[in-house]
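Subject: Structure for you to look through

Hello,

Here is the structure I promised to pass on. Please open it first, then read my notes below with the model on screen.

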Number of protein chains: 2
Amino acid sequence: MINKLIEKIKKTNAPIVVGLDPMLSYIPKHIQEKSFSEYGETLEGAADAVWQFNKAIIDCTYDLIPAVKPQIAMYEQFGIEGLKAFKRTVDYCHEKDLVVIGDVKRGDIGSTSAAYATGHLGSVQVGAKKYTLFDEDFATVNPYLGSDGIKPFVEVCKEEKKGLFILVKTSNPSSGEFQDRLIDGRPLYEHVGEMVAQWGEDHMGDSYSYIGAVVGATYPELGKVLRKIMPKTFILVPGYGAQGGTGADLVHYFNEDGLGAIVNSSRGIIAAYKQEKYESFTEEHFADASRQAVLDMIADIDGALKTAK
Amino acid sequence: MINKLIEKIKKTNAPIVVGLDPMLSYIPKHIQEKSFSEYGETLEGAADAVWQFNKAIIDCTYDLIPAVKPQIAMYEQFGIEGLKAFKRTVDYCHEKDLVVIGDVKRGDIGSTSAAYATGHLGSVQVGAKKYTLFDEDFATVNPYLGSDGIKPFVEVCKEEKKGLFILVKTSNPSSGEFQDRLIDGRPLYEHVGEMVAQWGEDHMGDSYSYIGAVVGATYPELGKVLRKIMPKTFILVPGYGAQGGTGADLVHYFNEDGLGAIVNSSRGIIAAYKQEKYESFTEEHFADASRQAVLDMIADIDGALKTAK
């Protein structure tokens, strides 16, 4: 799957991923009203609004981008109905040949991690039959529990040719409380980065490992250090746009081959129509605003990478 | 909810929690066959088997115990149908007046953590209506992302009078890879423990905080240290039984009031009938074996606490 991701990044010239993190407050009134008129102000109605919103954005952007990253929390907050909308979104993205990174940040140990890996990346045996479940291509995983937590995910990835992005350094202001603390003179995130590189060594695609890392866009200098520690690790970079990162901040996350990183933007794309910059699109044509925001993001990152050369 | 948990622990004299972590391999053949004959070898059939298994164990143990801890991964591995069985289990435990600790180990930042908190502990606004979702009483949470990840959970707990158990030191062999690394001369888990105590200070029940900690049973000496660092923090202790911990290992996790900890056993209770010790119950009467295993666990811990006095 890392090979497919890279191939699609090359084809689109867009090392970006659209975060499908729909809050009800992002969803235009006319979509909400239509869903509520059909299903009432119910969880089913909310889930339908989420799905209609996603579908419109996917339809308007899928030809420009290699991948999407649905954030499962935004679906889980609507319970079972929300998770059905998550699954429907994943399936639809596959129809559109998009790589799907499930931003699930799961992490446990042993058979429990194996169960999460099964649910999100694998398939489950029921009697003589096998079923795939949420069926994302990549999942994000939390490393706090160590190798016991990661290896069951890696095993499923090997079987299914899927991949992981393991949290190394997150983009939020308080990420330093634990991640930046010095251990033998180096911050915890560097130690985690080293382990990610190790976990990924035996699970290589053509040029990069199936086991990637998450490193926030909000710390450009770290990109440089972690890029060296994890030379063959693909880096998923959240924090672009709404969280403050710009294309110029991100050049060190990439290798000299122009690859090695994929930058996420969620609100900046899916709620673009709410920005002054895109307000001329109007709320009704929110998905066209998203398309323009994708084009602008691609140009920003491409420009920054060219300038850096 | 921490007050209710403590009240129920006192009433049952059982500082224990039964982990409802059903793997298909734990579920007796006759239950699987019945479910599959009704629903086929489908995800619905698997979910029904899980639910019937849980129900039988709850019916045979609820009068002895204060709480249960369903591990959501074991349900998530069956997709939407599995999550319906999770929800059904939570609801049924509430009917039986059990405190439900959702072992979900979620953790993200800002609005994403808020969405997880809503899904598991809170309620979501849809138009003019409000809905509760999975509706556990406590949730387990991962601290790797720092305060930004925890505070949105704490906010929902304050509103809903619910609680958290935050991972401090987990019971698995590789937990030390990051958690034991020394920062300013002290292991990371102590620093996390200090933060848990801080996060909990403003959110106190009558004698303990609503914000608890997870500390594995497999490191008795740590119990002593962490008990002092977090004097008003309730400690959820996994790793008893199948993972190797015994009652005698656990005395330091408790305070002098005999409270302050709740010990989880999953496989040791729900798959008790597979142990030589309980095989006379036979597979058919698996739930009676679980009841006996609960009684034995209560006696083991009670004996250890009395000996320690």
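Start with A:Asn13. A:Asn13 counts as partly exposed because 14 C-beta neighbours lie inside 10 Å. The cut-offs are these: 20 or more other C-beta atoms within 10 Å of a residue's own make it buried, 12 or fewer make it exposed, and anything in between is partly exposed, with C-beta atoms placed from the backbone. A:Asn13 sits in the loop between α1 (2-12) and β1 (16-20) of chain A. Its phi is near 50 degrees, a positive value in a residue other than glycine.

Before you go on, note that this is a predicted model: local features need pLDDT of at least 70, side-chain atom pairs count only at pLDDT 80 or more, and totals for chains, interfaces and linings use all residues. Residues are numbered from 1 along each chain as its sequence is written, while chains are lettered from A and ligands numbered from 1 in the order in which they are written. Helices (H or I, at least four residues) and strands (E, at least two) are DSSP runs, numbered from the N terminus.

Chain B has a positive phi to look at too. B:Thr282 is not a glycine, yet its phi is about 70 degrees. B:Thr282 lies in the loop between α11 (267-270) and α12 (286-308) of chain B. Is B:Thr282 buried or exposed? B:Thr282 counts as exposed, because it has 12 C-beta neighbours inside 10 Å.

Now the barrel. Eight strands of chain A close into a barrel, in the order β1-β2-β3-β6-β7-β10-β11-β12, and the pairing is parallel. Two strands pair if DSSP finds at least two bridges between them. From one strand to the next, the twist averages 30 degrees. (Angles run from 0 to 180 degrees between N-to-C directions, and axes are lines fitted to C-alpha atoms, for helices over the stretch in contact.)

Look at β3 of chain A in detail. Strand β2 (residues 67-70) of chain A pairs with strand β3 (residues 99-106) of chain A in the parallel sense, over two bridges. A:Ala67 has A:Val99 in β3(A) as its bridge partner. A:Val68 has A:Val100 there. Three bridges join β3(A) to strand β6 (residues 138-141) of chain A, and these two run parallel. A:Gly102 stands opposite A:Ala139 in β6(A).

How many residues of β3(A) are buried? Eight of its eight residues are. In a regular strand the side chains alternate between the two faces of the sheet. In β3(A), A:Val99, A:Ile101, A:Asp103 and A:Lys105 point one way. A:Val100, A:Gly102, A:Val104 and A:Arg106 point the other way.

Next, the helices. Helix α12 (residues 286-308) of chain A lies across β1 and β12 (261-265) of chain A, and runs at about 145 degrees to β1(A). Two packed helices are described by the angle between their axes and the distance between the axes. Helix α6 (residues 110-121) and helix α7 (residues 147-160), both of chain A, pack at an angle of about 35 degrees, with axes 8 Å apart. The crossing is right-handed. (Right-handed means the near helix is turned clockwise from the far one by less than a right angle; anticlockwise is left-handed.) By class, this contact of α6(A) with α7(A) has seven nonpolar, four polar and two charged residues. Ala, Val, Leu, Ile, Met, Phe, Trp, Tyr, Cys and Pro count as nonpolar, Asp, Glu, Lys and Arg as charged, and the others, Gly among them, as polar.

Finally, see where the chains meet. Residues are in contact if their C-beta atoms, placed from the backbone, lie within 7 Å. On that basis, 59 residues of chain B are in contact with 59 residues of chain A. On the chain B side, the largest share, seven residues, comes from helix α6 (residues 110-121) of chain B. That side divides into 29 nonpolar, 20 polar and 10 charged residues.

A:Ala73 is buried because 26 other C-beta atoms lie within 10 Å. Which residues does A:Ala73 touch, not counting those up to four places away in sequence? They are B:Asp108, B:Thr112, B:Ala115 and B:Tyr116.

Best wishes

Conventions: Two residues are in contact if their C-beta atoms, placed from the backbone, lie within 7 Å.
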